[in-house]
Each structure stands twice: as structure tokens, then as C-alpha cells.
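Trainee: Could you take me through this model, one site at a time?

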Amino acid sequence: MRLSHYFMPILRDDPKEAEIVSHKLMLRCGMIRQEAAGSYSWLPMGFRVLKKIEQIVREEQDRAGAIEVLMPTIQPADLWRKSGRYDAYGKEMLRIKDRHDRDMLYGPTNEEMITDIFRQGVQSYKDLPRNLYHIQWKFRDEVRPRFGVMRGREFLMKDAYSFDVSREAGQHSYNKMFVSYLRTFARMGLKAVPMRAETGPIGGEDSHEFLILAETGESGVYFDRDFFDMDWSAFDIDYDDVAAVVKVVDDFTSKYAATDEKHDPAEFEKRVSESHRLAGRGIEVGHIFFFGTKYSEPLGCEVQGPDGKKVPVHSGSYGIGVSRLVGGIIEASHDAAGIIWPEPVAPFKVGLINLKVGDADTDAACLNIYKALEGKGVEVLYDDRDDRPGAKFAVMDLIGLPYQVIVGPRGLKEDKIEIKNRKTGARKTITVQEAGDYRNISDFIEY
Ligand code: ATP
Ligand code: MG
């Protein structure tokens, strides 16, 4: 993409309405635009990141055996009356009437609808287990929408729903999602610590929240510093291997970690030595629940069991805040100059800076590199605008692409091009020829 043809409305100054760094940076980089309280348009840069995150979430759900569907945003109220949650949900639910005066609502979540879908499609225990998920916009009329996309009213969520014939099988489905969450967040460069959570209005038997640590997080967190020493990449397991899945869950739940709602100071002191006790703040990026038969019983969600008798299914639900993650990743990865995108979610991998637009040799070299990289499927944002080098460097640092390729007439005389790693600040020179191969750019330092 040529920056001269792109839509990236950069703000020079910090927007006054933003309180936290991710919101400021998202507005400054022209990633989002507020349309109403807690409701945003995703501008091109923001949209690219959102799609990257969504795709990682999708791949890891698929890998764990979940099956993607898409349910509508607007739901009939009747489904919710049956489960008893229509009145219980309160003001957070946006209620709508259609032209026939039927009660509708903008879905804040989808337990009722998916259960209805499942009930019509599955009759026998032989069809279980199943886990269905979708990635769809939700609306919750939050009391205090704030912090940009972190607490929106309209936000993108992945929600998955598991159905099993027994408690034991349901627990395995829950555990698989637990492990897949660790994997999902690790792929985005995040360590999301699983913490035992309150089941809240959704209710149920077991629940964990996944939190990334950030000063601006809305939850207080208390945890064992041993979490930092755990192996956050050892999730390459066979999901059908029940014991292997249990082992990862056990490892990651054996240490103390709790949000303020569940924190027990006495237990914290008992289980964690003083020098290992950490308290801080965290952002909830995922939340998983095991319900048992809490929803399936009132909704009549049953299957025929092995002995021919009807049994209620054991269910779970599993959310990830896809749009919240965009802000969350920025909170976890930025410096004074701007965003530092972890490579897997970066809107572009390479920022190509032309230091002297109009200089024939520089233009030609940039074009060669641009075409060579794009031709190999590497996403490049080419700054071909006629602007001062200082201003271009500042913009590239602000938008935080992992690698910068800097081309100017002086270097070119000696066939030298500078590359810079945004995260470490490390620089190196390579030739024009070498710059056409992404490996020479990305390999030069451990990122
Ligand atoms: P919170 O405690 O932050 O209000 P929640 O517990 O109500 O969230 P869940 O029902 O568990 O949310 O939703 C699953 C995930 O969706 C959450 O872990 C979070 O990442 C995301 N999420 C929830 N509410 C919002 C929101 N208002 N804006 C953006 N993301 C949200
Ligand atoms: Mg939650």
C-alpha cells in the first residue's frame, strides 16, 4: 500500500477525550473514529489489525475442534423469555421493536440462540461432543463505556458454546478451550494469565478469566510471580489426549492468580511466599464458563443417551474480546514514540520510507523493494509522500510496524539501505537486492 493513496488520518496531538494510552494511540494513528458513546468506525489501519486478531482466534478455535457459524446480531425476545434472562439482563440489553410490534434485541451474547440451533440439529449422544462458535458484533448498553474499544457498547466478540453428554466430557471441552486460549493469546505476543473467576449473572460451575497485565486494566489482580517463568509456548498438544490437556490446565491453575472479586488475602499469603506476591491491574481479554446443565434444563436441550433415555446436555460458553484485544495489545506493547505491533497482528509487516521523493534513483530503488516484497506476499506500507524525513520517521514509529526499511540518496550511492527493528531499535544496513527478500529484513534480529 502506498501511503499517498491510503486513508490514515494521523492526529498530531493527543486527543483530549482519551484517558489511556491505547485509546490515544488508536485515535492518533487514525485506526478508529468514535460514532457514538462506545461505538466506533474501524478505519483501514484499525480494521487490518482487527482482522488479524480475528483470524488468529479463528485458527485456534478451529484447531481445538470448534466449528464456525454466524448468528444474527438482532434476536427475537421470545428465546430469552424462555430462559428467563429477558428481564434478568436489565438495562444493558438494547431492546428494539420491529414494525409488527414484536420484541427484538441486539444480542449481548448468544447462549439462548445457539442452544436452540443445537437442539434442532442434534438428537443423539452419538453426535456429541460439539462446539459451535461465531465471531460477531455484540451490543451491551454499558453504564460507562470508556477507554475506546476496551469498553465499548458495540464490540466484536468470539463466543463458542460446547455441548457434551456428560459432566466429564463437558470438562474436557472446557479444558480444551482453556488451552486454546493460552495458545491464542500467546500467538499475539501476550501472556494472558488465567484466573479463577466469579460466574456472575451468566452463572454455572466453573469459570476462568484470562487477563493481560496493564496498569490501565479495570480489574485488580493478585498472582504468583512464578507465572512469568512458565513456558508460554508449550501448548502444542493433541487436543484429544485428555491427560495432556489436563496437564496444561493443571500447570496453569496450580499457582495463585485471582481478580479482586475472587481474591482471598489469607490464601494468597499461605500459598505464595512474600517475595513472589504480585499485585497489579489487568485487562480481561477472555472468559470461559462451564455451566453443567444450567441452561440445557430450562431450554429443554436434551439428547438421547446410550440407554435410550433423554439426558440434558452439559454445556459451556467461551468468550474472547476481539475488538478489546486491539486496545489490549497496545497497552501491553508501546513506548513513548508509539505502538509496537507484535508481528502476527501488525497491520503491515514493513514500513518502507522514501527519504527523497522525486529523486529518480531513490524512487526507483523504493519501487523495486516495494514490488519485490509485495510480490512475495509481504504487506508493505510505502511512505511515498513528499515530506521531511523527521516527520516520516515519527509517523512510522507512531504506527509501530515491526520493521522499517529506510531508503535515501546518500546510502544508495554505496548500495546501502538501512533497516530498523521498531521494537529493539536495532539497525543494520543491507543492499537494495537484499531488501527485496523479507528474510533479510525480519531475520536480522530476534524479534
Ligand atoms: P467485563 O467484566 O469486562 O464487563 P464481561 O465479563 O461482562 O466483561 P463476558 O461476557 O465474559 O464479558 O464477555 C467475553 C469477553 O468479551 C470479555 O472477556 C471481554 O474481553 C469482552 N468484552 C466484554 N464486554 C466488553 C465491552 N463492553 N467492550 C469490549 N469488549 C468486551
Ligand atoms: Mg467476563
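This is a predicted model: local features need pLDDT of at least 70, side-chain atom pairs count only at pLDDT 80 or more; totals for chains, interfaces and linings use all residues.

Mentor: Residues are numbered from 1 along each chain as its sequence is written, chains are lettered from A and ligands numbered from 1 in the order in which they are written, and side-chain values use heavy atoms, with hydrogens and water left out.

Trainee: Which residues are the protein donors of the magnesium ion (ligand 2)?

Mentor: Donors are N, O and S atoms within 2.8 Å of the metal (3.2 Å for Na, K and Ca), and sites may look incomplete because water is not among the atoms. The protein donors lie 2.1 to 2.3 Å from the ion. They are Glu 284, through OE, and His 287, through ND1.

Trainee: Is Glu 284 buried or partly exposed?

Mentor: Buried means under 20% relative accessible area, exposed over 50%, and partly exposed in between, with a 1.4 Å probe and protein chains only. His 287, at 13%, is buried. Glu 284 has 24% relative accessibility, so this residue counts as partly exposed.

Trainee: Which residues are closest to the centre of the largest pocket?

Mentor: On a 1 Å grid over the protein atoms alone, a pocket is an open set of points with protein on both sides within 12 Å along at least five of seven lines, a cavity is a set where a 1.4 Å probe fits but cannot get out, and lining residues have an atom within 4 Å of a point. The largest pocket has a volume of about 1100 Å³, a volume being the space filled by probe spheres set on the points, with grid points joined across faces, edges and corners. Of its 47 lining residues, the closest to the centre are Arg 140, Arg 151, Glu 209, Glu 284 and His 287.

Trainee: Which element gives the largest share of the lining of the largest pocket?

Mentor: Helices (H or I, at least four residues) and strands (E, at least two) are DSSP runs, numbered from the N terminus. Helix H4 (85-88), E8, strand E13 (277-292), E16 and H9 each supply at least two residues of this lining. The largest share, seven residues, comes from E13.

Trainee: How many residues of the lining of the second largest pocket are nonpolar?

Mentor: Ala, Val, Leu, Ile, Met, Phe, Trp, Tyr, Cys and Pro count as nonpolar, Asp, Glu, Lys and Arg as charged, and the others, Gly among them, as polar. The pocket has a volume of about 430 Å³, and its lining of 22 residues has Met 188, Gly 189, Leu 190, Pro 342 and Lys 423 nearest the centre. Two lining residues are polar and three charged, and the nonpolar ones number 17.

Trainee: Which backbone oxygen does the side chain of Arg 422 reach?

Mentor: Arg 422 sits in the loop between strand E22 (417-421) and strand E23 (427-430), and is buried at 4% relative accessibility. A polar contact is a pair of N or O atoms within 3.5 Å; within protein, one must be able to donate a hydrogen and the other to accept it, and residues adjacent in sequence count only if both atoms are side-chain atoms. At 3.4 Å, the side chain of Arg 422 reaches the backbone oxygen of Gly 338.

Trainee: How many of the eight residues of helix H1 (residues 21-28) are buried?

Mentor: Ser 22, His 23, Leu 25, Met 26, Leu 27 and Arg 28 are buried in H1. Their cover includes strand E1 (32-36), helix H9 (322-332) and helix H11 (389-399), where contact means heavy atoms within 4.5 Å. H1 is largely enclosed by the rest of the structure because the number of its residues that are buried is six.

Trainee: Where is Phe 147 found?

Mentor: Phe 147 has a positive phi of about 60° although it is not a glycine. Phe 147 is buried, with a relative accessible area of 12%. Its place is the loop between E7 and E8.
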